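Please walk through this fold with me.

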Amino acid sequence: VHAASEPAQQLLARQGFKYTGYVDIFDGGATMIADRAAISVVKSSKLATIARIEELPEGTPKFAVSNERFKEFRASLGRLTEKSGEVVIGPRFAKSLNVKRGDTVRFYPL
């Protein structure tokens, strides 16, 4: 691993990725893999249904949030509130994630 890439490799290793011993032929970088279920942020994330879409106060905590679609996957950082397996997110945030009331999102606190 190039010295400039060591921080990224260490971050991935802390998340559960393992070095394969292979090098990517296109960029010459080390190849790392992980079982999705073994990735720390995935294990610590939660799934919830969108109960409401409405403006949230400026001080509302921020999360990394993604929709649960494969072909139309979206992920972003934004504010949400959670209670009993349901979340509330703002209208612009919902639009950026391409989600609506009743959809499921995965989120992780920042």
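Buried means under 20% relative accessible area, exposed means over 50%, and partly exposed lies in between (1.4 Å probe, protein chains only). The model is predicted: local features need pLDDT of at least 70, side-chain atom pairs count only at pLDDT 80 or more, and totals for chains, interfaces and linings use all residues. Residues are numbered from 1 along each chain as its sequence is written, and side-chain values use heavy atoms, with hydrogens and water left out.

Start with D103. By the accessibility cut-off D103 is buried, because its relative accessible area is 14%. D103 is found in the loop between α3 and β7. Helices (H or I, at least four residues) and strands (E, at least two) are DSSP runs, numbered from the N terminus. The side chain of D103 makes a polar contact with the side chain of R69, at 3.1 Å. A polar contact is a pair of N or O atoms within 3.5 Å; within protein, one must be able to donate a hydrogen and the other to accept it, and residues adjacent in sequence count only if both atoms are side-chain atoms. Contact in general means heavy atoms within 4.5 Å. Leaving aside neighbours within four places in sequence, D103 is in contact with A48, T49, I50, R69 and N98.

N98 sits in that loop too, between α3 (91-97) and β7 (104-109). Its phi is positive, about 60°, although N98 is not a glycine. N98 counts as partly exposed, because its relative accessibility is 33%. S84 also has a positive phi, near 55°, and is not a glycine. S84 lies in the loop between β5 (75-83) and β6 (86-89). S84 is exposed, because its relative accessible area is 72%.

Now the strands. Two strands pair if DSSP finds at least two bridges between them. Which strands close into a barrel, and in what order? There are 5, in the order β3-β6-β5-β4-β7, and the pairing is mixed. From one strand to the next, the twist averages 55°. Axes here are lines fitted to C-alpha atoms, for helices over the stretch in contact, and angles run from 0 to 180 degrees between N-to-C directions. β4 and β7 run antiparallel and are joined by 5 bridges. N67 stands opposite V105 in β7.

β1 (residues 18-23) and β2 (residues 30-33) pair in the antiparallel sense over 3 bridges. The two form a hairpin with 6 residues between them. G28 in the turn has a positive phi of about 75°. The bridge partner of K18 is I33 in β2.

Next, the core. A nonpolar core is a set of buried Ala, Val, Leu, Ile, Met, Phe, Trp, Tyr and Cys residues joined through side-chain atoms within 4.5 Å. The largest one has 13 residues, of which V65, L80, V87, I89, V99 and F107 touch the most other members. β3 (46-53), β4 (62-67), β6, α3 and β7 each give two or more residues to this core. The largest share, 3 residues, comes from α3.

Beyond four places in sequence, I89 touches residues including I50, L80, A94, L97 and E54. E54 is found in the loop between β3 and β4. The C-alpha atoms of E54 and I89 are separated by 6.1 Å, although the two are 35 residues apart along the chain. E54 also touches V88, G90 and P91. The side chain of E54 makes a polar contact with the side chain of R52, at 3.0 Å. E54 is partly exposed, because its relative accessible area is 33%.
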